[in-house]
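Hi there,

Here is the structure I promised to pass on. My notes on its contacts follow below.

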Amino acid sequence: MAQGSLDSNGDITCPTSTDGESSASHVNAGLDRLRINAADENDDDGAVQITCFSDLSDDLTLHFQIIRLHKQIYAWIGCNSAKFGHLYAAAPTRPNNMVSVTSLLGGASDNTGSGIARRIVLKTGLNVVLACNIPKDSPMLEAAAEKKLVRKLIDLGYT
C-alpha cells in the first residue's frame, strides 16, 4: 500500500489511483465539506451569551441577568435581593401573532412578570422565560425594570 504525505498547504497528497484520480482529492473535498458544516453550526446565533448588570431605581437596586440561548431568552429581574421570584414562559403563537404566557413557578398569569414577558416577546419575536422578583404593588418599579431590560436587549442586538 502506498503512503501519502502532507504538502506545504497541509493537504494530503496520495499516489494516483488506477483510474487516474487522486484519492487525496476525495479526502480533501470531504475535509472542506466538514469545515463548512462546522462553521455553519458554530454561528454566534447558537452560542450562549450571558449578561449581568444592576441598576439603582427609586432607592432600590434592580439586578438583571440575561441568558441568550438559541431562539430564546432567559431573563431574571431581582429587586434588592437574589431571590428567584415567579417564573413565566411566553412565546409567540401562530397564525395571528399573539403571545401566550404561562406561570411555571409561583404566581398567576396576571402578576408583575407575566406582562413584562409578554411585551418582550412582542418586541423580540423570541421565546422568553422570565424570573421576576419585583413587588406586585410597585407599578413604577415594574415599568422602570422593564425599560432597563428592553434597553439592554436592544443594546445587545436582540430586538
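I call it a salt bridge when a side-chain nitrogen of Lys or Arg is within 4 Å of a carboxyl oxygen of Asp or Glu. By that rule, the whole structure has 3 salt bridges. Please keep in mind that this is a predicted model, where local features need pLDDT of at least 70, side-chain atom pairs count only at pLDDT 80 or more, and totals for chains, interfaces and linings use all residues. Residues are numbered from 1 along each chain as its sequence is written, and side-chain values use heavy atoms, leaving out hydrogens and water.

Arginine 119 pairs with glutamate 146, with the closest N and O atoms 2.8 Å apart. Arginine 119 also forms a salt bridge with glutamate 142, at 3.8 Å. Shared partners join Arg119, Glu142 and Glu146 into one network. Glutamate 146 is buried, at 10% relative accessible area (buried means under 20%, exposed over 50%, partly exposed in between, with a 1.4 Å probe and protein chains only). Arginine 119 is partly exposed at 34%.

Lysine 148 bridges to aspartate 55, the closest N and O atoms being 3.1 Å apart. That pair links helix H3 to strand E3, 93 residues apart (helices, H or I of at least four residues, and strands, E of at least two, are DSSP runs numbered from the N terminus).

There is also 1 aromatic pair (ring centres of Phe, Tyr or Trp, the latter by its six-membered ring, within 6.5 Å; planes under 30 degrees apart are stacked, over 60 edge-to-face, the rest tilted). The rings of phenylalanine 53 and phenylalanine 64 are stacked, because their centres are 4.6 Å apart and their planes at 10 degrees. Both phenylalanines are buried.

Best wishes
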